[in-house]
Amino acid sequence: MEAQKHITLVGILTLVHSGLLVAVAILAFGVLTGIGAVSGDEDAFLVLGIIGTVLGGFLLLLSIPGIIGGIALLQRAGWSRVFMIVLSAFKLMDVPVGTALGAYTIYVMLRPDVIAVLDPPAVQPVVATA
């Protein structure tokens with residue numbers, strides 16, 4: 001039962017972390033575009049609008065795997081364990097929150113009880129012989 005709690009916690013924390021990244025993406029786009037609009041300079045608006053769009057889009061793109069992985073973990077999808085291990089290796093570079101979340105996720109995903117929940121052994125078909 002403890003494995004279920006850890007899996008759920010990792011899924012929720014991953015979704016929250018990715019949701020915050022989406023919020024930062026929207027904020028970066030809004031602030032940079034807004035500054036360009038308020039400046040009154042057409043070139044500043046164009047440049048800051050492009051930077052805001054690229055930065056916001058990039059951050060949004062980075063958040064998508066976390067959203068997919070978090071939802072998959074909450075649904076106990078079999079492939080989510082390996083997916084989250086790979087994603088967590090990348091999150092380790094996101095100091096400090098991503099590092100803590102990535103380390104905890106790797107710890108949880110490598111536990112034998114979690115492996116048993118997310119990667120149950122395949123049932124071998126019984127072949128009747130006559």
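Q: Helices (H or I, at least four residues) and strands (E, at least two) are DSSP runs, numbered from the N terminus. In terms of these elements, where is Arg76 found?
A: Arg76 is found in the loop between α2 and α3. The model is predicted, so local features need pLDDT of at least 70 and side-chain atom pairs count only at pLDDT 80 or more, whereas totals for chains, interfaces and linings use all residues. Residues are numbered from 1 along each chain as its sequence is written, and side-chain values use heavy atoms, with hydrogens and water left out.

Q: Why is Arg76 called partly exposed?
A: A residue is buried under 20% relative accessible area, exposed over 50% and partly exposed in between, with a 1.4 Å probe and protein chains only. Arg76 has a relative accessible area of 24%, and therefore it is partly exposed.

Q: What kind of peptide bond joins Val95 and Pro96?
A: The bond is cis, with omega at about -5°. Pro96 lies in the loop between α3 and α4. Most peptide bonds are trans.

Q: How do you know that the span of helix α1 agrees with its number of residues?
A: The expected span is 1.5 Å times one less than the number of residues. Helix α1 has 38 residues (residues 2-39), so it should span 56 Å; its end C-alpha atoms are 55 Å apart, which agrees.

Q: Why is His6 called buried, and which residues does it touch?
A: His6 has a relative accessible area of 16%, and it is therefore buried. The place of His6 is in helix α1. Contact means heavy atoms within 4.5 Å; not counting residues up to four places away in sequence, His6 touches Tyr104, Val108 and Arg111.

Q: Is Gln4 buried or partly exposed, and what brings other parts of the chain into its surroundings?
A: Gln4 lies in helix α1, and at 30% relative accessibility it counts as partly exposed. Leaving aside its neighbours within four places in sequence, Gln4 is in contact with Arg76 and Val117. Gln4 and Val114 are 110 residues apart along the chain, while their C-alpha atoms are separated by 7.5 Å.

Q: Why does Ile68 count as partly exposed?
A: Ile68 has 42% relative accessibility, so it counts as partly exposed. Its place is in helix α2. Ile68 touches Trp79 and Phe83, not counting residues up to four places away in sequence. Ile68 and Ser18 are 50 residues apart in sequence and 9.6 Å apart in space, C-alpha to C-alpha.

Q: What makes a set of residues a nonpolar core, and which residues form the largest one?
A: Such a core is a set of buried Ala, Val, Leu, Ile, Met, Phe, Trp, Tyr and Cys residues joined through side-chain atoms within 4.5 Å. The largest has 10 residues, namely Ala3, Ile7, Val10, Leu73, Met84, Leu87, Val108, Met109, Val114 and Leu118. At least two residues of this core come from each of α1, α3, α4 (97-109) and α5 (112-118). The largest share, three residues, is supplied by α1.

Q: Which residues is Leu73 in contact with, leaving aside its neighbours within four places in sequence?
A: Leu73 is in contact with Ile7, Val10, Gly11, Ser80, Met84, Met109 and Leu118.
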